[in-house]
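Work through the exercises below with the sequence and the model side by side. Try each task before you read its solution.

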Protein chains: 2
Amino acid sequence: MKGPVSVGTLSGAFPISRPAISQHLRILKDARLVSDTAAGTRRVYQLNPEGFESVRAYLDRFWGNSLHSFKKKVEGK
Amino acid sequence: MKGPVSVGTLSGAFPISRPAISQHLRILKDARLVSDTAAGTRRVYQLNPEGFESVRAYLDRFWGNSLHSFKKKVEGK
DNA sequence: TTCAATGGTAAGTGTATTCTTACCGTAAGT
DNA sequence: ACTTACGGTAAGAATACACTTACCATTGAA
């Protein structure tokens, strides 16, 4: 399941209904984690690397700024 | 709100009841993300840096293995 | 222009999650 | 010993969440 996939294909790969898949995809799309393009009557989705990058950037800041210094403090270093 | 805090103090800082706070703390404690010590009639909680370290380690593996290679592939690098 | 394929949306349902109320136990002060 | 402060736990209520069924819109093929 690498690269672009249609909703129907995804739906076949999970034990839930197609509408449920659509609803998940909508949320992922709103969060910019996936993007989609029309292809005839079907709609093809793919992961959006930039979306994941921004999640990672956020996490890096989180760990870097807050926790590292906090850990040092606690450990008395 | 840095360093150790009592349950009552925490409770005052959130718009939910004290028992709700206790329940959250229990879960965080089970997950080793916080630790607590008795101090008279009150109980003082603090973040547990080691717990967060293991979360970070997990995330690093996640990003490192799967996503970096995927991103390269998508970008055609 | 009719039909089949594909997928989005709305409304409702079941379940999981998270909260509150009520109660109990323990520690410290008087 | 009595009382107050503080917090954990149990049980039930409220809310949020993920799913299904039913329906509609759009595209492409016959």
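**Exercise 1: The surface near DNA strand D**

α2(B) gives the most to the surface near DNA strand D, with five residues. This is a predicted model: local features need pLDDT of at least 70, side-chain atom pairs count only at pLDDT 80 or more, and totals for chains, interfaces and linings use all residues. Residues are numbered from 1 along each chain as its sequence is written, while chains are lettered from A and ligands numbered from 1 in the order in which they are written.

Task: Which residues come nearest to DNA strand D, and which elements give two or more residues?

Solution.
- Step 1. Recall the cut-off: a residue is near a strand if its C-beta atom, placed from the backbone, lies within 6 Å of it.
- Step 2. Of 19 residues around DNA strand D, the nearest are A:Ser17, B:Ser6, B:Gly8, B:Pro19 and B:Ser22.
- Step 3. Two or more residues come from α2 (18–30) of chain A, and from α1 (7–13), α2 (18–30) and β3 (42–47) of chain B. Helices (H or I, at least four residues) and strands (E, at least two) are DSSP runs, numbered from the N terminus.

**Exercise 2: The sheet of chain A**

Task: What is the strand order, and which strands stand at the edges?

Solution.
- Step 1. The open sheet has three strands in the order β1-β3-β2 (chain A), with antiparallel pairing. Strands pair if DSSP finds at least two bridges between them.
- Step 2. β1 (5–6) and β2 (34–39) of chain A each have a single partner strand, so one side of each lacks a neighbour in the sheet. These are the edge strands.
- Step 3. β2(A) pairs with β3 (residues 42–47) of chain A over six bridges.
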